[in-house]
Amino acid sequence: MIFHFAVPFAILLSRPFKRNIRKLVWLATWLLLMRYLDLFWIIEPNFSKTLNFTLADVVVPVAIGGFWLAYFFHNLGALPLLPVYDPSAVEVLEPAHHHGGA
């Protein structure tokens, strides 16, 4: 299933595509879905002779991802997003980086 990894890589070579957040979200969703289907395709035949798709095949990854995201965001809220004594923090916090006249 190399196709679902090669095409997104080629798409990400385009600078205008990377600047559109909606397109990036759809691409990330596509990659996650294809990765799940890839793992399902590899793992599922080891447990049954026929291809069985149950509700647990959807609920368990969503639940594990939900627990992970809850833990991640809980920890993210407890820590600063930028280093406290970073001398280049002022440059990072500027609203826009203009390089010359417009």
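Modeller: Aspartate 57 sits in helix α4, which spans residues 56–78. Helices here are DSSP runs of H or I with at least four residues, numbered from the N terminus. Before going on, two notes on the source. This is a predicted model, in which local features need pLDDT of at least 70, side-chain atom pairs count only at pLDDT 80 or more, and totals for chains, interfaces and linings use all residues. Residues are numbered from 1 along each chain as its sequence is written, and side-chain values use heavy atoms, with hydrogens and water left out.

Aspartate 57 is buried but has no salt bridge. Buried means under 20% relative accessible area, exposed means over 50%, and partly exposed is in between (1.4 Å probe, protein chains only). A salt bridge needs a side-chain nitrogen of Lys or Arg within 4 Å of a carboxyl oxygen of Asp or Glu. For aspartate 57, the nearest side chain of opposite charge is arginine 35, 15 Å away. Lys and Arg count as positive, Asp and Glu as negative; His and the chain ends are not counted.

What does surround aspartate 57? A polar atom of its side chain lies 2.9 Å from the backbone nitrogen of threonine 54. Leaving out residues up to four places away in sequence, aspartate 57 touches Tyr36, Phe40, Glu44 and Asn52; contact means heavy atoms within 4.5 Å.

Arginine 35 has a salt bridge with aspartate 38, at 3.2 Å from N to O. The structure holds one salt bridge. Both residues, aspartate 38 and arginine 35, lie in helix α3 (residues 21–43), three residues apart, about one turn of the helix. Aspartate 38 is buried at 10% relative accessibility. Arginine 35 is partly exposed at 38%.

Back to helix α4, now for its rings. Tryptophan 68 and phenylalanine 72 both lie there, four residues apart, about one turn of the helix. Rings of Phe, Tyr and Trp (its six-membered ring) pair if their centres lie within 6.5 Å; planes under 30 degrees apart are stacked, over 60 edge-to-face, and the rest tilted. By this rule there are three aromatic pairs. Tryptophan 68 and phenylalanine 72 are stacked, 5.3 Å centre to centre with 10° between the planes. Tryptophan 68 is exposed at 53% relative accessible area, while phenylalanine 72 is partly exposed at 36%. Phenylalanine 72 also pairs with phenylalanine 73: the centres are 5.3 Å apart and the planes at 70°, so this pair is edge-to-face.

Key:
Helix = DSSP H or I, 4+ residues; strand = E, 2+ residues; numbered from the N terminus. Polar contact = N/O pair within 3.5 Å; in protein donor to acceptor, adjacent residues only side chain to side chain.
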